[in-house]
2 protein chains.
Amino acid sequence: MIVDNLAKNFGTIFNPEAVAVIGASSTFGKWGQLILSNILAGNFEGKVFPVNPKEKSICGLPAYKRLTDIPEPVDLAFITTPAGTIPDILEECGEKGVKGVVLITSGFSETDEEGKRFEKHITSMCREKGLALIGPNTMGIICPYVKLFATGSHTRPREGSVAFVSQSGNLGLQLVHWAEEQGIGVSLFVGSGNEAMFSCTDYIEYLEHDPRTGIIVLYMENMGGGKHFLDVVRKVHRKKPVILLKGGRTEAGRTAAVSHTGSMGGNQAVFRAACRQAGLLDVRFPTELLDLSAGFSSLPLARGNRVGIVTLGGGWGVVTADECNLRGLVIPDIPDSIVETIGKYLPQFWSKGNPVDLVGTQDLEVPIVAVEELLKWDGIDAVISLGIVGRLELVRSLIVSTREVDASISSEFLDQMSALSREYEKGYIAKIVELMEIYEKPVIGVSLANTNEGTVRPVAGKKYSGVFYLTPENAVNVLARMVDYHRFVS
Amino acid sequence: MIVDNLAKNFGTIFNPEAVAVIGASSTFGKWGQLILSNILAGNFEGKVFPVNPKEKSICGLPAYKRLTDIPEPVDLAFITTPAGTIPDILEECGEKGVKGVVLITSGFSETDEEGKRFEKHITSMCREKGLALIGPNTMGIICPYVKLFATGSHTRPREGSVAFVSQSGNLGLQLVHWAEEQGIGVSLFVGSGNEAMFSCTDYIEYLEHDPRTGIIVLYMENMGGGKHFLDVVRKVHRKKPVILLKGGRTEAGRTAAVSHTGSMGGNQAVFRAACRQAGLLDVRFPTELLDLSAGFSSLPLARGNRVGIVTLGGGWGVVTADECNLRGLVIPDIPDSIVETIGKYLPQFWSKGNPVDLVGTQDLEVPIVAVEELLKWDGIDAVISLGIVGRLELVRSLIVSTREVDASISSEFLDQMSALSREYEKGYIAKIVELMEIYEKPVIGVSLANTNEGTVRPVAGKKYSGVFYLTPENAVNVLARMVDYHRFVS
């Protein structure tokens, strides 16, 4: 029996109740060790069965000689053993009734003609046996909702709404690692590998109906059936933003891509024009994928291009206004009534305009007043707030110095100052998130400082999260792309 | 007596042997506390005299009622007391024979017409008394070579060759703070404030002859005498790269700048064309100032635009090649002899070209072999190396997981693995730095991981340092600007 579309198995294999690791190992650094230790240390919610004919026990779990020796059902098998062993293992997978295999093993179509033929062979075997095949030559998958972290890189992002599909395992996993560091919630990561059975388009079609996924992030070199991809994306993108980094956009990149994924490229100019027509959020740099993921998954969409800027320091307001201007965003003059309200908190000589320069005020109320006044006004679609969250870092280093040099200032007082700053920052974020819910406009933060707290700062029980980029250009870029997307869907 | 050019005092005031802080305070968060505690905690090499008529002792030092009560000579006075007190204090500074004052106090030309008049008045007072005046409305100065960290923000970069001059204290200090985090060595920071006496151009002229300064980084909104500035920069830039972020380049930014520094802008298009003609490295984003600082201060200059790419992961090679292509850099095919030499270390099916894709090899020798083979070849002007330094982070998280889940792997073995990775990374950096000295070509690293070790990784006793950016676009940007600069000076 040949099953035409094994994508029907995705629901099970991305939420498995039991997985086997074929080639599981205790040899530090081997793929079978990387994957197994990651799955176990990540506290996978289901059962884990190591398979290795030479071992009795691995990581304290009984090891099975063969997959078919496992006394319980298995949904998904990770395979790390050499290419030559794969046909026999697939036989066992079929016998065992496994729903899918993640084939980490390389040495297939990415190598030579023989590898290509062999890949075809094992792919038909999978079809015959009803096995959904991810890979081969994949770096694995991550399913945060069941705590399945099954990749060579031990990165474990929190659960959330961003799905990553990458034709480069290395690049894709680095993105997910950054997502983890930045606090971006992930619904799924798939390294699509050689795409013997499923292309990125197949995963996108699955994600379209995955209720956990709100944003789809792609790294692709090879577009395969470009037309089908674009048809699917055009449809999905209306519901869920699709953000794409295309590797091999240039002659030099294309040459590199041919030897990497065997992508033949095709006419790039035509393709990119088609992407733009499909509304796709087509980015230039890998880090943009993260910035857009953070913003689109955590903030209400901006419904227009009019920006209010609130800044603790004048210079930052100036460069942010410059960048807004260059990206087609507008900094409108604000009405006298807003100037008056904010002015109550500031010295006489404040800027009295947009950007609202808080001239380094230590007053803790005015940043919130300024943000709310701007959000309230129907002449503004979004606010960029600079330097309010992040100031904590400055206070911290001041406290360290003070402790060191001034014995007359009590340690308790300094502890209080530190706690107060921390509380203020938390309170400010909570307030911003509340205001976003009320006004349904984004407030994009710029911390200016490496806060070690991540870009996304969730607030318990809230729909939106605080988002704080390191620098203004990142915030402006996200806002500009939000405006593009809003235009596309409305 | 009116002294025409008090810039002659810069040598003394940027290397003072004794400083006074007028308005010194133990009240946490006051300017007089920020500055004094920073100077003391930073271990300034000279003497420090707090001045405050109401205190007997501050931070354990005797406090003086007036500057003139100090029994020893004072080179430089920091003043934080209100504007109204300044004339009397300047009288005392004159009497004391101080060489310069850093006037933190605000409330001058940045406020209103009266403020402008008052600023003129105190500036002539300084001229009469032979006092070089920095500010007013400045956030201070940093002179790492004498360990004088005299700003409100407690950031203390290591000594090095990059000088920062900023018309925005807030933005400038944030840059210096990032420089500290990234390990970029600094020769001087000056917040030029309202520039009552000295413009950025005056500081640039000083820096031209400062042997410690190799690179000059500017944030400017107000160009004052644009022609004089350009004449000076044109001359200096041939010797020392001048990197500029111009705030207020756009209509929106200009409006913001007028209320910030009172900059009237002038014709921006004309100005920018003139900058380009003067060869100035004119950047768009604040973070570029740091990236260029790191690269220009640590690497030999690229003498052409031909790039070799060495990468642990194929996808990263592809996006780097794309970005090189977009920025006018070329990725030449490499000769068979190089392919052969590198191929000895890699599996049969490796890319056999440039980018050199090391296909995730765990062999520790081949990255160095590949980099050296490329540097040796006269068809290459620079190498970008991706993911070799930074892998340590992956190894670290693997070790954490392994410890947690596999009791059969000994803790000593894992400690060894960790030490080995650390040693390898150190050794790789040392080797790269050595190769840069031999071949006088830059090797620009991309770590891909937040290493917490900074961008610049110095090697003891060496002229060059390792440089590792987080992402390829930063590395490519620096290389592209190096090529521009090399063309300009050659």
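Reader: What radius of gyration does chain A have in this predicted model, and why does it agree with a compact globule?

Author: The radius of gyration is taken here over C-alpha atoms, and the globule rule is 2.2 Å times the number of residues to the power 0.38. The model is predicted, and for the 490 residues of chain A the rule puts a compact globule near 23 Å.

Reader: What percentage of the residues in chain A are buried?

Author: A residue counts as buried if 20 or more other C-beta atoms lie within 10 Å of its own. Chain A holds 16 helices and 20 strands, and its C-alpha trace spans about 80 × 60 × 40 Å along the principal axes. Of the 490 residues in chain A, the buried share is 59%.

Reader: Which helix of chain B gives the most to the side that touches chain A?

Author: The contact between the chains involves 72 residues of chain A and 73 residues of chain B. Several helices of chain B each supply at least two residues to this side, among them H2 (31-41), H5 (169-182) and H14 (391-405). With eleven residues, the helix that gives the most is H11(B).

Reader: What ipTM does the model score?

Author: For chain A the mean pLDDT is 93, with 97% of its residues reaching 70 or more. The model scores a pTM of 0.95 and an ipTM of 0.95.

Notes:
Residues numbered from 1 in each chain as written. Chains lettered and ligands numbered in written order. Predicted model: local features only at pLDDT ≥ 70, side-chain atom pairs only at ≥ 80, totals over all residues. Helix = DSSP H or I, 4+ residues; strand = E, 2+ residues; numbered from the N terminus. Buried ≥ 20, exposed ≤ 12 C-beta atoms within 10 Å, placed from the backbone. Contact = placed C-beta atoms within 7 Å. pLDDT = per-residue confidence, 0-100.
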